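The sequence and coordinates follow.

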Amino acid sequence: MPFYFDPQGNLRSQEFDRLPWLVHAFSTRAAGDLAQPAGRRRFVQSLSGNGMRLVTLHQIHSAVVRVAGACTGACLSAGAADLPRDSAPPGDALIAAEPGLLAGVKTADCLPILIADRRRRIVAAIHAGWRGLARRVVEKTIGELRRAFGCAPSDLAAAIGPGIQACCFEVGPEVLQEFACQFVDAGRFCKPDPPNPALTILPKQLMTGNQGLLRALAADRGRVDLAGAARRQLLAAGLTPGHIYNCGFCTACRLDRFYSYRREKEAAGRMLAVIGVRGEALIDVRAAP
């Protein structure tokens, strides 16, 4: 697996470590609950000293993509770690186009996805829950990288961090139907549960009139492989299969390492996934060929 835990307990991608200008990490329980500004400041300082600024979003389970940095002509740098949540622009994918900025997303079962353009040195962080994935947040982020900055998909690498996996992500029929309506190949990452013989409707009996003795209480439930759905979108957007790295950790299974809203409910903390270009790695992305 091309991931490892560093001495501070953060999860990192070995492949991303090969890029000396890149700062990245997926926090774990070792960093504490990063829902609060003070915790986020300590986390960022441990990664980059005082040299980088964290930029976040007011996450709304959408496919809205935002850009932080003056290079775009529309700086959306509100949402820094010490600002109230309402000050941050709404969205679930954040592109950082300038050195010295750390794009960050908070998760506690949803997938954090970090993307780096290895040639132009532009990065993105994506908060990908099932609603965002059904709305193609990953594909839309790659599309914005191409439209706004001329990024070539062949230059992009993606690291999929810890999130709830299909083993623990049981969903209702409305979720399965949402994916089926959006993706012709939804069967690759959405699997209905097999029928339970104990819940089969029995033949009508005189004693019950026109009603069966049992109802199929959970016949339409199933499981969704969020990481599989994310990989499908990354491939559809043109990324090279060998440049997509999936850690495979299930947040619901590994409460020793991660927070899980599904398992812990309101008691769950929040983890932070960040990515950015070091401040000293100056590059004018507008002038890149």
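Phe 26, Ser 27, Thr 107, Pro 112, Pro 162, Met 271, Leu 272 and Ala 273 form the lining of the largest cavity in this predicted model. A search of the whole structure finds one cavity of 30 Å³ or more, and the space in the largest cavity is about 30 Å³. Six of the lining residues are nonpolar and two are polar, with no charged residues. Strand β15 (residues 271–277) supplies the largest share of the lining, three residues.

Turning to the cysteines, the search of the whole structure finds zero disulfides. For Cys 168, the closest cysteine sulfur belongs to Cys 253 at 3.5 Å, which is too far for a bond because a disulfide requires sulfur atoms within 2.5 Å. The table gives the accessibility of two cysteines.

| Residue | Relative accessibility | Class |
|---|---|---|
| Cys 168 | 22% | partly exposed |
| Cys 190 | 8% | buried |

The sheet arrangement comes next. Six strands make up an open sheet with mixed pairing, in the order β5-β6-β9-β8-β10-β14. Its edge strands, β5 (65–68) and β14 (244–246), each pair on one side only. On average, neighbouring strands of this sheet are turned by 15° against each other, direction ignored. Within the sheet order, β8 stands beside β10; strand β8 (residues 111–117) and strand β10 (residues 156–160) pair in the antiparallel sense over five bridges. In this pairing, Ile 113 stands opposite Ile 160 in β10.

Methods. Residues numbered from 1 in each chain as written. Predicted model: local features only at pLDDT ≥ 70, side-chain atom pairs only at ≥ 80, totals over all residues. Heavy atoms only, no water. 1 Å grid on protein atoms, 1.4 Å probe; cavity = no way out; pocket = protein on both sides within 12 Å on 5 of 7 lines; lining within 4 Å. Points joined across faces, edges and corners; volume = space filled by probe spheres on them. Helix = DSSP H or I, 4+ residues; strand = E, 2+ residues; numbered from the N terminus. Nonpolar A, V, L, I, M, F, W, Y, C, P; charged D, E, K, R; others polar. Buried < 20%, exposed > 50% of the residue type's maximum accessible area, 1.4 Å probe, protein only. Pairing = 2+ DSSP bridges. Axes fitted to C-alpha atoms, helices over the stretch in contact; angles between N-to-C directions.
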